[in-house]
Amino acid sequence: MWDQIKDALYEATHRVLVGVASFLPGLLALVLAVLLSSLLGWLLGMLVGLILRGLDFDKRLQKWGFVAMAEWAPKNSPTLLLRKTVTWTVVVLGWLVGLTAFGAGVTPQLIVQVMESLPHMGTALVVVLLGVLLARFLCRAVLISAVNMQIQSARLLSLAVKWLVLVFVAAMALDHLRVGGDIVRLGFAILFGGIVLALALAIGLGSKEIVSRSWERQTHSKTEPSDDALKHL
Amino acid sequence: MHDPDLTERIVTAASAAPATTAIVVGVPSCNHAGTVASVLRTAQAGLGEFFSEQSSLLVSADARSSDGTREQIRGLRPENPLLRELGPADGGAASPGVEVRELRMILELAHEVRARACLVLDASVTSMSADWVAHLVHPIIDEPFDMVVPCFARHKLDGAISNGIVYPLTRALYGKRVRQPLGSVFALSGRLVERFLARRVWDIDVSALATDARALSEAICGEFAVCQAFLGPAEHAGSGPSLDLSSILAGVLGSVFDEMNHNVAFWQKVRGSEPVRWFGTPVEIAGNPPPADAHKMWESFRLGCRTLQDVWSVVLPPATLLALKYLAQEEVAGAALADDLWARIVYDFALGYRLHVMNRGHLLRALTPLYLGWLASFVREMAAAPSQDVERRVQQLSMVYEVQKPYLISRWRWPDRFNP
């Protein structure tokens, strides 16, 4: 009986040790890959940063007219944005290599899936980036125009435009990533339709007097002399 | 000239002209059916009355008008053998900025016939008299001047963009006191026309609202002799939908700031300003000045202060933003945007335009509430004052622009380091 217990303990210990022995190299490889990729990412990021600073990239970009990119970048510096992008790309690649080494049997499937979805992710990222730039541009354009038209709720209007574009862009990106499937499309349609319906109801019912007064003012301003007839030029 | 058909038209028009043409009078037009015939007739009368001994040519350059302007011009041909018609072939639609192209064609024709003077008129004017031709052309034909800029009789508060921005800025930058840089008509000498064409002054994108300011700054920077001529009042008929204030500001200031960028080497050396010679006698404008609602303007300024801080903070330094914030707490009775603050704001926007800190259209349009704030202060202060006092006040403001010029130069040279 004692021998049987001894054998069982021996076998269990052996299995655990074999398991640990087979697990440890993978873990060490993961840690090593992450450490090395972090170091490499940091070094490459520094190198890219140094080169771009040497080229005066931020100011050149402004001269070329890419102002919105500078506004969107962290600390208004496209150099910093590119530096961080390079660093994090290398770190993520290191993680993928480490995970492959860690669970050779399980993770290749994950890697394959990740690799397959990379083009979609890239396109979605571009859609999001362009959408954010467009949203900021339109937000500012609407804000300035609304202030110049003396609309009191100019900020609200510009924010509404901004979020409408962002929601639209987010729906497009998620649809491209095939996340959520029809739910995203339906959700967006309901949200967008809801906003339009709410606006139509607000104007049609709640604000009909304001709208009619506004139309009256416009009609009068076309037929009657303005109270401010200065010639600016 | 990129269109061979147009080149041929210019050459044909030039070859049909007298061998020695002294004066070319050009009228660029675009949808000015109601006024173009009257402007051409008056110009013809002016040439006949004051320059009958000089050979002259009247040129109409229409930019594909769709309102019958061309028919109006063609209807004048039988009574006016000197009239030449330039412009693209019939058909197609007019596009924005085409009048600039028509202006260039007139200058090319003037150069082709070796004219001593080229007078460019505004086809939308309804108050032109034959005297205008004499006042504008005489300093070039009989005096040693290269450019004559008009000075129209105006109501005391009219021309606020010119009074508050373009005149003081042009004066401080280029050192010449040309009172109305946005006159819309001007006369040029043959050698100045030659320089404009050689330097391709009209080949770049320029707002039709500021061709005159562009011509003026080019003439001053080329060290050509500039003078002014007093004319009567200038009434204009609209052609098509009128532009809103922010579009006018963006059109004018975009061109003026572009000129600043082109002529940095010149204006950074200029200190102070000098008077520019006048011709003719000033005319007082009849009638009451139009009403101006300072309250509405001030409220626009306050709305801008409440909502556009984020946009302005990209252009204006913190000290200016703080001053504006305090000012916006005042009601219209306390509206007083100080001259030095206003001059620095205009300089900061010029710098922001140069540095491309944001979309240039947005930047220029974001100036509108600030301009209305300045205008409300000006109207409140000057509403009851006589015209002479208003003129004195504009001169005082212009002097402040000159005093603040070192601020502009410092920020222009070291935009990152010098940021009060």
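Both faces of strand 5 of chain B are covered: Met147(B), Val149(B), Cys151(B) and Ala153(B) are buried on one side, and Val148(B), Pro150(B) and Phe152(B) are buried on the other. "Buried" here means under 20% relative accessible area, "exposed" means over 50%, and "partly exposed" is in between (1.4 Å probe, protein chains only). In a regular strand the side chains alternate between the two faces of the sheet.

A word on the ground rules. This is a predicted model, where local features need pLDDT of at least 70 and side-chain atom pairs count only at pLDDT 80 or more, while totals for chains, interfaces and linings use all residues. Residues are numbered from 1 along each chain as its sequence is written, chains are lettered from A and ligands numbered from 1 in the order in which they are written, and side-chain values use heavy atoms, leaving out hydrogens and water.

Strand 5 runs over residues 147-153 of chain B, and seven of its seven residues are buried. Helices (H or I, at least four residues) and strands (E, at least two) are DSSP runs, numbered from the N terminus. Two strands count as paired if DSSP finds at least two bridges between them.

| Partner in chain B | Sense | Bridges | One residue pair |
|---|---|---|---|
| Strand 7 (residues 186-189) | antiparallel | two bridges | Met147(B) with Leu188(B) |

**Chain B as a whole**

Chain B comes to 18 helices and 10 strands. Of its 420 residues, 59% count as buried. Take the contacts (heavy atoms within 4.5 Å) in chain B with a separation of 6 or more: residues 24 or more positions apart account for 82% of them.

Glu223(B) has a phi near 60°, a positive value in a residue other than glycine. Glu223(B) sits in the loop between helix 8 (211-221) and strand 8 of chain B, and it is exposed, with a relative accessible area of 65%. His356(B) also isn't a glycine, and has a positive phi of about 60°. You'll find His356(B) in the loop between helix 14 (339-355) and helix 15 of chain B, where it counts as buried at 19% relative accessibility.

**Where chain B meets chain A**

The contact takes 43 residues from chain B and 24 residues from chain A. The two chains bury about 2800 Å² between them, 58% of it on carbon and sulfur atoms. Buried area is the accessible area (1.4 Å probe) that two parts lose on being put together, summed over both. On the chain B side, Leu303(B), Thr307(B) and His362(B) supply 20% of the area buried against chain A, more than any other three residues.

There is one salt bridge between the chains, formed by Arg155(A) and Asp310(B), with the closest N and O atoms 3.8 Å apart. The term covers a side-chain nitrogen of Lys or Arg within 4 Å of a carboxyl oxygen of Asp or Glu.

Several elements of chain B give two or more residues to the side that touches chain A, among them helix 6 (160-174), helix 12 (309-315) and helix 16 (368-382). Helix 11 of chain B gives the most, with seven residues. The residues on this side of chain B divide into 24 nonpolar, 10 polar and nine charged.

Terms used
Nonpolar A, V, L, I, M, F, W, Y, C, P; charged D, E, K, R; others polar.
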